[in-house]
Amino acid sequence: MASDVQAPLPIGPQPKVNYPMNVVYCGECTMPTEYCEYFPNYEKCKVWLEKNMPDMFAKLGVASEEGAGEGDTDEKKKRQTRGGKGQVKTKKKAMGPQKVCLSTAPRGKKKSVTVITGLRTFDIDLKVAAKFFGQRFACGSSVTGDDEIVIQGDVKDDLWDVITEKWPEIDDDLIEDLGHQKR
Ligand SMILES: [Zn+2]
C-alpha cells in the first residue's frame, strides 16, 4: 500500500500522454469525432459538428480538400507520364514503317544516279547523310526531296555496306532494291 502513494501525482500536462480531454465525442453518434466518418450517419454527424464544433468541422473540411488536391496532382502526373510515352509512340507510328529504298535512275544517255529514300524513317538528318555519301563516294550528293537523296553515279551496290556500317540501326532487311527506274 505504501508504494501506491509514494509518488506524488503529476501536475500539469505530461508528455507522451494522450489526454481524453482532447477527444471530442460526437453528439450524434456518441463516438470520438474522428470515427464519425466510419458511421453511416456521417452526414448527420457533420451537421452536429458544424453546429457544435465549428473549428473542428472547418479543419475536417480543409483536410479532406487537401487530400483530394494531392490525389488530383498525382493523377495529373500519371496522366502526363502516360501522355508523354503515348506521344513518342504516336510519333513513330506517324513516320510509318522504317525502310530505306535504293534505286538507280538514268542521268543523261550513259550515266546513272542513285536514289535513296526512307532515311528519314530512321530519324537520320538527310543533309548530314548526303554530305557523308558525297565524301564516301567522292561524287555529287544532295538532298532532292522530303526524304530523298540523289548521288551522282551508280553506287547502289556499295550502299548496302555503307549504310549498314554508318547506321547500324538499319538492318539489311530494311533496305530494298527498287532496281533501275525512270524518273
Ligand atoms: Zn458522429
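**From the metal site to the sheet**

Tutor: With a relative accessibility of 0%, Cys36 counts as buried (under 20% relative accessible area is buried, over 50% exposed and in between partly exposed, using a 1.4 Å probe and protein chains only). The model is a predicted one, where local features need pLDDT of at least 70, side-chain atom pairs count only at pLDDT 80 or more, and totals for chains, interfaces and linings use all residues. Numbering starts from 1 along each chain as its sequence is written, and side-chain values use heavy atoms, with hydrogens and water left out.

Cys36 is one of the protein donors of the zinc ion; the set is Cys26, Cys29, Cys36 and Cys45, each through SG, at 2.2 to 2.3 Å from the ion. A donor is an N, O or S atom within 2.8 Å of the metal (3.2 Å for Na, K and Ca), and sites may look incomplete as water is not among the atoms. Along the chain, the donors are spaced as C-x2-C-x6-C-x8-C. The ideal angle for four tetrahedral donors is 109.5 degrees. Cys29 is likewise buried, at 11% relative accessibility.

Helix α2 (residues 42-52) holds both Glu43 and Lys46, 3 residues apart, about one turn of the helix. Helices (H or I, at least four residues) and strands (E, at least two) are DSSP runs numbered from the N terminus. Glu43 and Lys46 form a salt bridge, with 3.4 Å between the closest N and O atoms; the term requires a side-chain nitrogen of Lys or Arg within 4 Å of a carboxyl oxygen of Asp or Glu. Glu43 is exposed at 53% relative accessibility, while Lys46 is partly exposed at 26%.

The whole structure has 4 salt bridges. Another of them joins Glu176 to Lys99, whose closest N and O atoms are 2.8 Å apart. Glu176 belongs to strand β5 (residues 175-180) and Lys99 to the loop between α3 (54-94) and β1 (100-107), so this pair ties together parts 77 residues apart in sequence. Both partners are partly exposed, Glu176 with a relative accessible area of 31% and Lys99 with 37%.

β1 and β5 are parallel over 4 bridges, and Val100 has Ile175 in β5 as its bridge partner. β1 and β2 are antiparallel over 7 bridges, with Leu102 opposite Ile116 in β2. The hairpin of β1 and β2 has 3 residues between the strands, and in this hairpin Gly108 takes a positive phi near 70°. β2 and β4 are antiparallel over 5 bridges, and Val113 is partnered by Gln152 in β4. Because 5 of its 7 residues are buried, β2 is largely enclosed by the rest of the structure.

Ser103 lies in β1 and is buried, with a relative accessible area of 6%. Leaving aside residues up to four places away in sequence, Ser103 touches Val113, Thr114, Val115, Lys156, Leu178, Gly179 and Gln181 (contact means heavy atoms within 4.5 Å).

A salt bridge pairs Arg136 with Glu165, the closest N and O atoms being 3.8 Å apart. This pair links distant parts of the chain, with Arg136 in α4 (residues 126-137) and Glu165 in α5 (residues 156-166), 29 residues apart. Arg136 is partly exposed at 40% relative accessible area, and Glu165 is exposed at 54%.

Overall, the protein chain has 5 helices and 5 strands, running α-α-α-β-β-α-β-β-α-β from the N terminus. Of its 183 residues, 26% count as buried.

Note on methods: Pairing = 2+ DSSP bridges.
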